[in-house]
2 protein chains.
Amino acid sequence: MSAVDQAVRDAAETTAVFEQAGRTGRADALDAIADAFEADREAIVATADRETGLGPTRLNGELTRTTFQLRLFAEVLREGSYVEATIDHAADTPMGPRPDLRRILVPVGVVGIFGASNFPLAFSVPGGDTASALAAGCPVVVKAHPAHPETSRRTFAAMRAGLTKVGLPETILGMVEGLEAGADLVRHPDVRAVGFTGSTRGGRALYDLAAARPEPIPFYGELGSLNPLVVTPGVAASRAEEFASAYVGSVTMGVGQFCTKPGLLFAPEGADGDRLRSLLGEALGTTSAGRMLTDTIRDAYQAETARRAADSRLRSLSAGADAGSDDPALGRPALFAVAAADLDAELLEECFGPTALVIGYRDTDELLDTLTRIDGQLTATVHATDGETDLVERLHGVLRQRAGRLLFGGFPTGVAVTWAMHHGGPYPSATVSGHTSVGPTSIRRWLRPLSYQNAPQYVLPAELRDEDPGIPRRVNGILKA
Amino acid sequence: MSAVDQAVRDAAETTAVFEQAGRTGRADALDAIADAFEADREAIVATADRETGLGPTRLNGELTRTTFQLRLFAEVLREGSYVEATIDHAADTPMGPRPDLRRILVPVGVVGIFGASNFPLAFSVPGGDTASALAAGCPVVVKAHPAHPETSRRTFAAMRAGLTKVGLPETILGMVEGLEAGADLVRHPDVRAVGFTGSTRGGRALYDLAAARPEPIPFYGELGSLNPLVVTPGVAASRAEEFASAYVGSVTMGVGQFCTKPGLLFAPEGADGDRLRSLLGEALGTTSAGRMLTDTIRDAYQAETARRAADSRLRSLSAGADAGSDDPALGRPALFAVAAADLDAELLEECFGPTALVIGYRDTDELLDTLTRIDGQLTATVHATDGETDLVERLHGVLRQRAGRLLFGGFPTGVAVTWAMHHGGPYPSATVSGHTSVGPTSIRRWLRPLSYQNAPQYVLPAELRDEDPGIPRRVNGILKA
C-alpha cells in the first residue's frame, strides 16, 4: 500500500468520529491546534526561517495569522450559521401538501490539500485550506511542499498534537511528500475534494486529473494572478511621489512572492506618467534584493527578468538606479515600462518575484480596452482622485467582471481574514470562481447539502431538531439570526 | 456566425442592463414571465401534450410548478439574503488594522442550460435551471431538447414576452437547437457556467468539454440516480400490502420517467419478503402501460427490460400478472427480483422507465454492505417500523454518505420547491455535489463572490451601502435577519 493510500484510508476511517464530535467538538480541536502552535512557536519559526529565509518577523506574523484563523473558524463553528440549517414544516402549498423537509450542510469526506511554497505557515500544511477543511468536519491529507520539508513536518506534528489533546484520532490529519504523491492524492477514490495554491501550469495539470476521474471531484485551485492596479491621470498629476514609494513597497514586499502582488501597473502616458515612471525607478533604487524561497524560484525569476531586460518593447525603470545587491543568489527588484499597444499574452504571464510591468495608456479608451483583455484576477485596484468619479465608475464596470476583490486606494498585498474577504476570482486566479480560499466562507468549499424528509427526531443532526439549537436557522422561509 | 455564437453574444450584451435591473427589477421580470405562462397556459399545455403524451393533468401541474417556482424566486430576490451581503468596517484586529471590506454575490455571466426530456415544462426551457439563472441575474442560452421542439419554442416565446413586458431586452434569453449546438454552447468562451439534466453518458461528455476548456467552467449536471428504497423486516412483516401498492404507484408514475423514481427496492429474503414480492407482482398487474416521452426512450426501455427478462439471475415479478397492454408502442411496467449477492455494475445502471429491481437481502450486514457499494444518489428512502430504531440509525449512517435527500417513509417522486429541498448528491446524481438544482439555494450556482475594499459609496451595490437596504446582512461578524 502506498503512503498516499495509507494516509487517505487512515483519514477516511476517522470521518464518522470527526463528524460526531460536532460543531463544538471541532471548534475545541481548532483551538487546541492553535494552542499547540503557540506552544511550539519558537521552534516552528526557527525551522521555517532556516528553510525559507523569510525572517522571524514575517514568520511570526504568519504564525499569528494561522492561529488567529483557527480561532476565528472555531467561533464560526460555535455561531453555527455556516451549516445553513433550514426547516420547512409539513404544510399545504399551491403545489399540494409538502412533507417536513430539513436541510443542512455536511462534510464532503476526505480532502486533499497542497501546501504552497510562499507562505510556509499560512498557506502550507497549517494554512487556510487545511483549517477550513478541518472546520468543515473533513479529514485532511496534506501534500507537503518540497520548499520547506522540515517546517511541514514540524507544523504537522503540532496539529496532530492538538487533535490528540482533545481526544480525537491524530489520523484525521495525514501528510504525504513527493511529486507523485500529489497526483496520487488527487486520483485517490476516497478523496472528495482538493485545495491547491500554486502555479497555473502545475495547478491545471492537477485540475485535469481531478476532472478526469471516474467520479470527478471539485478542485479548488488558486493558480496565479497579476493584480492590475490603475493610476488615474489625476493621481499621476497630484501625488506621484507618495504613490511611487508605496507601490514599490507592495511589489517588493516578501521579495515579491505574494499572490496579490500588484504586478501590472497602468499609468498614463505623457509628462505626468513619465515623471511617475522616473519616481518608480528612484524608489526601486532604495530597495534591497532579497533571498527567494527556493533556488528554482530564484533561477526562474532571474531568467524571466533577463528576458524582459532584452525585450525591445520594454524599458527598464531600474537601469539607472542600482536596485540593491548584485549577489546572484538574491532576487533583485526590477520594473519594466511598456506601451499598452505592445502588450501580448507572454507579457501578461505572472512573473513570481519582485518585479512589475508598468503599462502606459494614452487615454481612457485604451486603458479600458486593455483591461478587458486580461484574464481573471484575485484583485484589481484603482487609485483615483475624488473628482474622477466618472472614470472610477467605468473602471469599476470593467474590473468587477475580472477580479474577486476590488480595491479603491491601498494595495492588495495583505489579505484580511474576515467575513467579508473574498480571495478568488475568475480563472485562472481561481479554478472555481464561486468560492474563496480565505475567510469563514472558505469552509463552504468542503460541505454539501443534505435534506431530510419526514425524519424522526433521533436521526436528525442537533441543528435540525425541533428543540432550538441556539444557532441562526431559516424556518418556513424566514431567516432567524 | 453560428446560431450559438449569435445567441451567446446577444445574451452577453445584456449582462450589464440585466444586472442593473437589480433584485427588484429581476423579481418583476420573473413575475412577468409567470404571468406570460398563465396567459398562454392552454396552448402551451396542448402543444406539450401533442409532443409528449403526458396528458393535460400532469402538464397543467408542471406548468403550475414552473410559475410557482418563478414567483418563489421573485420573493427570494426581494427578501435579498441570497446575496450574502457582508460588511466588515475598518477596525484594529490582532492581525493589525483591517480595511473596510464588503462582500456580495454577483452573477457569473451568461449561463448555458440544457432542457431535459422528461419535464417539458419544469426541467426544460422554462424549468428550474433557467429560472434560477435568471434570478441570479445571468443571461441564459437554452439548448432545447429535441423531444419537444414546439413546446420549447412556445415556452421560449412566452418567457421573452415576459422580459419585454418589464422593459428588458428579450435577448437576455436565447435558445438554440441541435446536438452540435449543445457542444458549441459548452465550449463558447462567453458562457460562464452550464446546467444540465439528462443521461450519465451524455452529461459526462459535456462535463468533459467544460473541464477541458482553456478556462474551465462549472458544469452543474444531474446525470442519473437509482434512488434506493429499503424495506425493513418489520415493514415486510406488518404492512406489505399497503407498501406494495404505494411503491408500484411511485415506480410507474409518469411511466417511470422521473429522476427520483425509486428504482432499487431492498426487501428481506424469507417468507415475509417473498410475500411482499408476490404483492408487488399483483400490484403491477393492475397498472397500465403508457406512452413514453419519445420512441428512442421507449426502444431503449424495451431493449433493457428484454435483457433483464433473459438474465438468469433475475426473476420477473410481472410474469404472472399481465401488466397492462401488449401494445409495442407503449412502455410496459416490469419488476425484477434479484439476490443481493448477484448484483453487479450493469444491474446498477439506471433504467429509464416503469421498472425497478427488487433486491433480496439475507440480513442487516448484507443490506448495509450492498448499500455501501452503490454510487451517489439523489435520494435514499427507509421504510421502517417504530421499533426498528437501531436499524434505522445504521441505515442512516450509510445512506447519508451516498444521497442528497433522505426520506423516512413516503416516496422520493415529487420534489417540493422549497427552501429546505436539496436535489443533488454525490456523483453521478450530481456532477457538483455541493449545490442543488431545485429550490431557492439553486440560485447560488450562478453567483460568485466579489469583495470591495475601501470603496466609495457611489460604486457599491445598494445591498452594501451604509444606508440600510432592508435585507439580511452580516455586519462585523453578526448576522442580522
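1. What share of the contacts in chain A with a separation of 6 or more comes from residues 24 or more positions apart? It's 75%, where a contact means two C-beta atoms, placed from the backbone, within 7 Å.

2. Before you read on: this is a predicted model, in which local features need pLDDT of at least 70, side-chain atom pairs count only at pLDDT 80 or more, and totals for chains, interfaces and linings use all residues. Residues are numbered from 1 along each chain as its sequence is written, while chains are lettered from A and ligands numbered from 1 in the order in which they are written.

3. Chain A has 15 helices and 21 strands (DSSP runs numbered from the N terminus: H or I of at least four residues for helices, E of at least two for strands). Its radius of gyration is 24 Å, close to the 23 Å of the globule rule for 481 residues, so chain A is as compact as a globular protein of that length (taken over C-alpha atoms; the rule is 2.2 Å times the number of residues to the power 0.38).

4. Now the two-chain contact: 66 residues come from chain A and 65 residues from chain B. On the chain A side, E19(A) gives the largest share, seven residues.

5. E19(A) also pairs with strand E18 (residues 403–408) of chain B, in the parallel sense over three bridges (pairing takes at least two DSSP bridges). Look for Tyr452(A), which stands opposite Leu406(B) in E18(B).
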